[in-house]
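Dear colleague,

I am handing over the structure below, and after it you will find my notes on what turned up when I went through it. Please read them with the coordinates open beside you.

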Amino acid sequence: MMKTTLPPGISKQTLDEALDGFAGVVGKKSVFKGEDIVSYRDPYAIVDDDYFEASAAIAPSSVEEVQACIKVANDLGIPLWTISCGKNLAYGGAAPRLPGSVILDLKRMNRIIEVNEKFGYALVEPGVSYFDLYEYLQKHNIKLWLDVPSPGWGSVLGNTLERGVGYTPYGDHFMMQCGMEVVMADGDIVRTGMGALPGNNTWQLFKYGFGPSHDGLFTQSNYGVVTKLGIWLMPEPPGYRPYMITFEKEEDIEQIVEIMRPLKINMVIQNAASIVSLLLEAAIKATRSQYYNGDGALPPSVQKKIMADQKIGMWNFYGAQYGPQNVMDASWSVIQDAFSKIPGAKFYFKEDRPGDAAMDYRSKTMAGIPNLTEFSFVNWLPGAGHIDFSPVSPTTGQDAVKQYEMIRDRSADFNYDYLGMFIVGWREMHHIFTLVFDRINPQRKKQAEELFDVLIREAAEAGYGEYRTHLAYMDQIANSYNWNDNSLMRLNEKIKDALDPKGILAAGKQGIWPKHLRDKKP
Amino acid sequence: MNIKRLLCWFVLSFCASTVSVAEQEGARVFKHWCSHCHAEGSGHPGTQRLGWDKGEKFAVLEQRKDLAPAYIKYVVRNGYREMPNFRITEISESELEALTRYLQPNKE
């Protein structure tokens, strides 16, 4: 029988009392404990598998049940950790930051409440995945496109709250969010923006409403439980053409970014394009051991062989065009002329790479078609997990080089490979270093943990911060955003204390702890 | 058609439709939750990994006959190597039953 991990300061008796209370709301069959908790663990834990262990999980099916569960938790001081689809993989999955938390699992709240083709939006509950919404659009022949992250099984609402990104022109998910419904820690329920106006027909059309705009407060935070979310969807364009440009040399990254910046900010590059490193691209179709069994960085001769075998570059730029054919043709000539300045640049459309699994799945994601092909990169090492280090970089060649070389060199120090990409925003790039680590060998796992720690510190010293992180590093990264004697965290904590004085919601999320745990963060 | 034969026809049709419904449910669960990684062909990380580790004969789950129900259930709930775990709120106990029947070793 599995030992129950209790939340700090909560007795087994109080927890049992709470579980009875939850069962009275959601029914006994929707309260999970014991062996059933194993499937809430982080599958890619960088610390011990059972470190971020929940005590139990509960699965409400309606907003009213969420309110009632929160009341039970508030009465007894039980910490809850909210998940939507629980697929926040590489960042902790369904596991809680505070060991012993009860998971508030919203997967069963999976209604697609409205899809509006005329205005291009959807209103969804937390349990709706990208696959679910895509299937709904297909089934009802609705001519709207989603914007999906690389893995399609995550929650539309959850990913947006994490400020995740995708690969179409709507790639910044929070930018495309419009209207929320939130259950507060005191059980009150709030609709943001125009949603506060009874009888309105603009909740998903105008973000701001009247007065302060609160939506951002409920992203990457622990101030409420979001139960509905509006998201704008792109009308199906009259034409679509994904493209890939390969570059031969490592140092080309500087020129690629310099050429790209004006094209992106002037919308010649229309989508959230990506610049993918050699090994991340190669790992979609091959394992490391198929090419090299030595320690340290892959020798140049091996890198060249991979490039030749897979017809890929040291850097691989993926973008897509959307619109009438003549408009796409015109902007393509601008893109081609610009990148042709880099010697060795090669240009491909999808039809130029038949049977290429990488081109196939990127063509899907840039068209908002969910899939899971990108998980192939986890196959790079046997028995691997992955955790993402995600610093924000300005769109300058100089910064891209500095970040790339820093991460490449530190990874090599710990005998790990650089598998990374830059996802292109308007004025910055999310630099995603996917640390594929050996999770079976404890020593190698420990080294991955140490590498991650070094990366955060070194990046912060250079003025780079991460946009999102794994449970294990939330405190450390929050501490790096410490301007003016931690004034941002002091504000976060004031808001936390005002909205959730008992600290029952998602303790420790993004480094924000309730008052009673601030001096003894587990 | 005499009454005995008619009754027999009804019983057989009922059994066939029950099998078919169970099979359909298992296939539905597989398609929704498993196929994106485990379907046949390129672009499926699970199929790819199993092919490399165990050989092409063992790469495609729907073509295998060696998957014991208890093993399937364990792997779904606990994950296995690169594969993540799946919760009851994702794949319910009855859906997991249907899935294991769909992938059972003695299927035709």
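A:S277 has a relative accessibility of 3% and is therefore counted as buried, the cut-off for that class being under 20%. Please keep in mind throughout that this is a predicted model. A:S277 belongs to strand β13, which covers residues 274-277 of chain A, and, once residues up to four places away in sequence are set aside, A:S277 is in contact with A:M314, A:W315 and A:N316 as well as with A:Y418, A:L419 and A:G420.

Turning to the surface, a nonpolar patch is formed there by A:F119, A:L205, A:F206 and A:Y208, whose accessible area together comes to about 400 Å². Of these residues, A:F119 sits in the loop that links β5 (112-116) to β6 (121-124) in chain A, and with a relative accessible area of 49% A:F119 is classed as partly exposed.

A:A460, which lies in helix α11 (residues 442-461) of chain A, is likewise partly exposed, at 34% relative accessibility. Between the C-alpha atoms of A:A460 and A:L197 there are 43 Å, the two residues being 263 residues apart along the chain.

Finally, the largest pocket has a volume of about 870 Å³ and a lining of 39 residues, among which A:R163, A:T219, A:Q220, A:E466 and A:Y467 lie nearest its centre. The elements of chain A that contribute two or more residues to the lining of this largest pocket are β18 (420-424), β19 (428-438), α12 (474-480) and α13 (483-499).

With best wishes

Conventions
Residues numbered from 1 in each chain as written. Chains lettered and ligands numbered in written order. Predicted model: local features only at pLDDT ≥ 70, side-chain atom pairs only at ≥ 80, totals over all residues. Heavy atoms only, no water. Patch = residues over 30% accessible without salt bridge, like charges linked within 9 Å, V, L, I, M, F, W, Y side chains within 5 Å. Areas by Shrake-Rupley, 256 points an atom, 1.4 Å probe, with all protein chains shown as cover. Salt bridge = Lys/Arg side-chain N within 4 Å of Asp/Glu carboxyl O. Helix = DSSP H or I, 4+ residues; strand = E, 2+ residues; numbered from the N terminus. Buried < 20%, exposed > 50% of the residue type's maximum accessible area, 1.4 Å probe, protein only. Contact = heavy atoms within 4.5 Å. 1 Å grid on protein atoms, 1.4 Å probe; cavity = no way out; pocket = protein on both sides within 12 Å on 5 of 7 lines; lining within 4 Å. Points joined across faces, edges and corners; volume = space filled by probe spheres on them.
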